[in-house]
Structure formats: C-alpha cells, structure tokens
Amino acid sequence: MAQVQVYNQEGRKTSKMELADSVFGIEPNKNAMHLAVVSYLAAQRQGTQSTLTRSEVSGGGAKPWRQKGTGRARQGSTRSPQWTHGGIALGPKPRKYKVSLNKKVKRLAMKSALSSKVAETEMMILNKVELEGIKTKAMVEVFTKLKTGKKVLLVLPENNDVIYKSARNIEGVKVVTVNTLCVYDILNCSNLVVLKDAAKKIEEVYA
C-alpha cells in the first residue's frame with residue numbers, strides 16, 4: 001500500500017494514510033498521460049477563427065482589364081488572393097480540435113498522474129481546512145505552514161465556496177473538486193494537496 005503523510009492545517013504531521021496501490025501505486029504510463037494532456041489542451045482551443053476566401057470578400061465582380069493586349073498579367077477579379085483587399089488563400093476556418101480518448105486510457109492516465117506524484121513525494125494529505133470566513137490571508141497561512149511550492153493544486157471532495165473564494169486570488173494556487181480533477185492540472189503543479197475525504201473519494205471513483 002502506498003503511504004502518504006497526513007498534515008493538519010497548522011502544518012504538523014498527524015499520521016500516515018495508506019492509499020490503494022491500484023490507484024496511487026501503479027507504474028506511471030507516460031504515453032497515456034501525454035495523450036490526456038494533448039486532449040485537454042486541444043479542448044481549450046475555441047476553433048472559432050475564420051478568414052474570408054475570395055468568394056466571401058465583397059466586390060471584385062468586374063474583370064479589372066481585358067484579357068489580352070495590355071501587356072499585363074491576366075486578371076479575373078480584384079479579390080483574388082494576390083490583390084490588396086483580396087481574399088485569403090488557405091486561411092483558417094472554424095473547426096473542432098477535440099482529441100477523443102477512450103475510458104480505459106483516461107483512467108490509466110489519471111492513475112499514472114496520481115501515482116507519479118506519490119512516487120515523487122509531491123503529494124500530501126490534509127486532514128481538513130476550517131476557516132472562519134472568506135479570508136485570503138488565512139488560506140495563505142495554511143499553504144505557508146504546509147511549505148508547499150509555487151504551484152499548488154488543492155483537491156476538495158465537493159464544492160466549498162469559503163475555501164474556493166479564499167484561495168482563488170493566490171498566485172499559483174488552483175482549487176478543484178474530485179469531479180473536476182484532470183491529468184493536466186496534476187502534472188502542472190509542484191505540490192498536490194488532497195483533503196482526506198477527497199482521497200477516499202478518488203479511490204472510490206478510480207479503484
């Protein structure tokens with residue numbers, strides 16, 4: 001069983017938590033993680049960019065000059081790509097950048113990312129976070145006492161507005177729930193901080 005240190009919000013070690021090897025102790029599959037990251041980044045692209053082709057630019061209905069006898073190259077329209085204000089040749093058009101992954105690859109990528117964080121001792125379990133109200137300063141103190149790095153991913157078992165709003169203005173800190181956890185966020189953080197209840201929920205979902 002993989003073991004991870006458990007801390008309280010004062011930064012003190014309280015115990016060690018045993019995590020399921022099937023989720024937190026597998027051999028990381030780099031290929032699966034790469035595919036998951038590519039899929040995530042592709043999904044962030046809107047794909048709404050669009051340029052006008054020669055058929056969509058207004059004007060250019062009349063032939064600029066007659067076909068022969070002028071000494072100039074023949075032209076059929078002033079809206080051809082080589083003309084100023086002409087259409088764009090081979091320009092971008094709206095498209096979807098979606099990269100589909102099957103469920104097995106998604107699950108393998110998630111388990112690999114979590115296991116890599118445990119193996120590199122970049123994951124810690126937090127007993128719970130109790131704040132008197134929405135206070136960024138209080139949340140900064142929690143991370144300071146835990147001695148986390150510059151990029152922190154805090155995983156909650158469910159939505160908590162007090163914690164989320166207290167942490168959202170802290171540079172380098174991202175708060176997610178188990179349902180919104182993704183491989184890219186896990187690999188992109190220097191420290192993965194998971195609440196104890198969230199760790200149990202992750203095991204239930206991916207076991």
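1. Helices (H or I, at least four residues) and strands (E, at least two) are DSSP runs, numbered from the N terminus. The chain has 7 helices and 6 strands, and along the sequence they follow the pattern β-β-α-α-α-β-α-β-α-β-α-β-α.

2. A word on the basis: this is a predicted model, where local features need pLDDT of at least 70 and side-chain atom pairs count only at pLDDT 80 or more, while totals for chains, interfaces and linings use all residues. Residues are numbered from 1 along each chain as its sequence is written, and side-chain values use heavy atoms, with hydrogens and water left out.

3. On overall shape, the radius of gyration of the chain is 27 Å, whereas a compact globule of 207 residues would have one near 17 Å. That radius is taken over C-alpha atoms, and the globule rule is 2.2 Å times the number of residues to the power 0.38. Along the principal axes, the C-alpha atoms fill a box of roughly 90 × 40 × 25 Å.

4. Among contacts (heavy atoms within 4.5 Å) with a separation of 6 or more, 67% are between residues 24 or more positions apart.

5. Next, the pockets. On a 1 Å grid over the protein atoms alone, a pocket is an open set of points where a 1.4 Å probe fits, with protein on both sides within 12 Å along at least five of seven lines; lining residues have an atom within 4 Å of a point. A volume is the space filled by probe spheres set on the points.

6. Which residues lie nearest the centre of the largest pocket? They are Lys106, Met110, Leu181, Cys182 and Val183, out of 22 lining residues. The volume is about 470 Å³. Helices H2 (30-43), H3 (103-119), H6 (183-188) and H7 (196-206) each supply at least two lining residues, and H3 has the largest share, with 5.

7. The second largest pocket holds about 150 Å³ of space. Its lining includes Gln3, Tyr7, Lys16, Met123 and Asn191. Strands E1 (2-7) and E3 (123-126) each supply at least two residues of this lining, and E1 gives the most, with 4.
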